[in-house]
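Good morning, colleagues. I should like to take a few minutes to go through one structure with you. Please look at the sequence and the coordinates on the screen.

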Amino acid sequence: MTQAGCVAAGSHGRERSEILRGVYLVERILGIDIPTPPGNVQPLDVQLNIDKNLRRLPPREHVEAHSSVNTCAVCHQRIDPLGFVWDQYDMFGRLRRDKEGKLAAAKTDGKLPDKTPFADIDEFRKRLIEPLADASPTPRFTDAFSRRLYAYVLGRSLDHGDEAHLKSIHAAAKKVEGGLRDLLTAMVLSKPFREK
């Protein structure tokens with residue numbers, strides 16, 4: 001989670017972007033798809049050109065101002081609480097420093113989409129390997145990762161009928177050692193894969 005490549009993947013090439021980082025974490029790490037913004041929503045850079053005062057705000061207040069627009073708020077409720085988890089890193093994944101070379105202060109607390117709070121990147125990582133809140137024994141990251149991998153293995157999007165197969169895949173992998181090899185083996189032995 002703190003390797004430069006992972007942090008940089010959640011940014012764009014010119015500057016840090018808390019919103020892009022939040023989208024990256026929600027989609028790639030938690031496996032939740034975010035719909036594309038409605039056509040009537042102005043992107044953040046357009047809002048910045050219209051209202052020059054937004055540039056003077058600290059990043060958190062800037063994002064809150066953008067997210068206060070009703071059409072934006074629906075998606076931003078899931079994105080923004082994660083967008084600051086990498087606040088101590090610049091767009092290249094390096095620790096941010098002030099002009100004197102000291103580590104810059106960063107406020108990295110937030111909430112997962114299910115409202116589970118975290119204080120910093122370390123607690124965020126711990127939350128990713130905890131079981132899901134809905135009494136599922138599968139950790140958040142394992143669930144998201146296995147869903148993406150299973151969709152790739154099957155060559156199609158998953159549907160509701162795949163839930164039972166995923167549960168049996170997790171159980172089969174856990175019976176062995178529970179590693180990636182065991183997970184992949186259980187996937188290729190599953191009925192949907194063998195009968196596709």
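Predicted model: local features only at pLDDT ≥ 70, side-chain atom pairs only at ≥ 80, totals over all residues.

On the side of helix 7, the residues that meet helix 8 are Thr142, Asp143, Ser146, Arg147, Tyr150 and Leu154. Their partners in helix 8 are Asp162, Glu163, His165, Leu166, Ile169 and His170.

Now to the geometry of the pair. The axes of helix 7, residues 140–154, and helix 8, residues 162–175, come within 11 Å and cross at roughly 115°. Helix 7 is therefore roughly perpendicular to helix 8. The crossing of the two is right-handed.

Let us consider helix 7 itself. Its 15 residues, at 1.5 Å a residue, should span 21 Å, and the end C-alpha atoms are 21 Å apart, so the two values agree. Which residues of helix 7 are buried? They are Arg140, Asp143, Ala144, Ser146, Leu149, Tyr150, Ala151, Val153 and Leu154. The elements covering them include helix 2, helix 6, helix 8, helix 9 and helix 10. After helix 7 comes Gly155, with a positive phi near 75°.

Finally, I turn to a loop residue. Ile32 lies between helix 2 (18–29) and helix 3 (44–50). Ile32 counts as partly exposed because its relative accessibility is 26%, which falls between the limits of 20% and 50%. Beyond its neighbours within four places in sequence, Ile32 is in contact with Val26, Glu27, Arg78 and Pro113. Of these, Arg78 is 46 residues away from Ile32 in sequence, with 9.4 Å between their C-alpha atoms.

Technical notes
Residues numbered from 1 in each chain as written. Heavy atoms only, no water. Helix = DSSP H or I, 4+ residues; strand = E, 2+ residues; numbered from the N terminus. Buried < 20%, exposed > 50% of the residue type's maximum accessible area, 1.4 Å probe, protein only. Contact = heavy atoms within 4.5 Å. Axes fitted to C-alpha atoms, helices over the stretch in contact; angles between N-to-C directions. Parallel < 35°, antiparallel > 145°, perpendicular 65-115°, else oblique. Left-handed = near helix turned anticlockwise from the far one by under 90°. Expected span 1.5 Å × (residues − 1).
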